[in-house]
Amino acid sequence: MGRATERRRTLRIRDGAVSTRADTLVAEEPLEIRLNGRPLAITMRTPGDDFALAAGFLVSEGVIAGGDEVQSIIYCAGATAEGGNSYNVVDVKLAPGVRVPDITLERNVYTTSSCGLCGKASLDAVRTTTRHPVADAPPVRIPPELLSALPDRLRAAQRVFDRTGGLHAAALFSEEGELLDVREDVGRHNAVDKLVGRALTDHRLPLSRAVLLVSGRASFELAQKAVMAGIPVLAAVSAPSSLAVDLAAEAGLTLVGFLRGPSMNVYAGEHRIALEPEPEPGRV
């Protein structure tokens, strides 16, 4: 089975001094996801949590919404020409009675930011496809001070990043700031799929009281994955895209960007941010 890191020889130049040493790098390998034996998608990922990645991908694509809709997830034997198991091909078998979408070369189960579709069509697709609408009642209320503490908690939990410096991370927190789960991957979208897939197999969907924190920026694809899993709050340490903001506003998702220390921008769903009331005129 693939490893999360690999060693490679490197030439180091520091202040004119030259040396050679082995460097630890994040591993990157392709993963083919099959649905009931038929190829569905290929993604580049960091090996590990492959079953959760496949399950989370199917949640974000609108194929499944609960753990009882999956009968099994296995690595495919005979995936190589020699008949061996590469551990780079997984097959998800749906439970009896679960509808299998029509899989074609032009995938129509769901649209993502890489499919060439954008704008209103993409927003409508998310709203009409999700089976876990963002509906936290009463609403999750997160103080800015709590949000400010989350990136450091995520960073402390990034074990592989400490060795490679080359991974994205995604974490789920409770509304009280408790770290529920964290996953790393060379692709930020894969890290989120691994989180969602683990929640699905543990029968914890929808994640209607959770906060999703991602390293890097908040793309439309990440906002879509949060909405599909019923997550009410998405925070990112970098900028969101315009379409991510549009989707957040359309779906009722709270979207926070540029979360760095005590500073942050709230682009949508500000009703979930528990701000201190401004003092009345004449009062200190």
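A search of the whole structure finds two aromatic pairs. The model is predicted: local features require pLDDT of at least 70, side-chain atom pairs count only at pLDDT 80 or more, and totals for chains, interfaces and linings use all residues. Residues are numbered from 1 along each chain as its sequence is written, and side-chain values use heavy atoms, with hydrogens and water left out.

User: Why is the pair of F51 and Y75 called tilted?
Analyst: Rings of Phe, Tyr and Trp (its six-membered ring) pair if their centres lie within 6.5 Å; planes under 30 degrees apart count as stacked, over 60 as edge-to-face and the rest as tilted. The centres of F51 and Y75 are 4.9 Å apart and the planes stand at 45°, so the pair is tilted.

User: What makes the pair of Y75 and Y87 edge-to-face?
Analyst: The planes of Y75 and Y87 stand at 80° with the ring centres 5.0 Å apart, so this pair is edge-to-face.

User: Is Y75 buried or exposed?
Analyst: Buried means under 20% relative accessible area, exposed over 50%, and partly exposed in between (1.4 Å probe, protein chains only). Y75 has 17% and is therefore buried, whereas F51, at 31%, is partly exposed. Y87, at 29%, also counts as partly exposed.

User: How do you know that β3 and β4 are paired?
Analyst: Two strands pair if DSSP finds at least two bridges between them. Seven bridges join β3 (residues 29–35) to β4 (residues 38–45), and the strands run antiparallel. Strands here are DSSP runs (E, at least two residues), and helices are runs of H or I with at least four, numbered from the N terminus.
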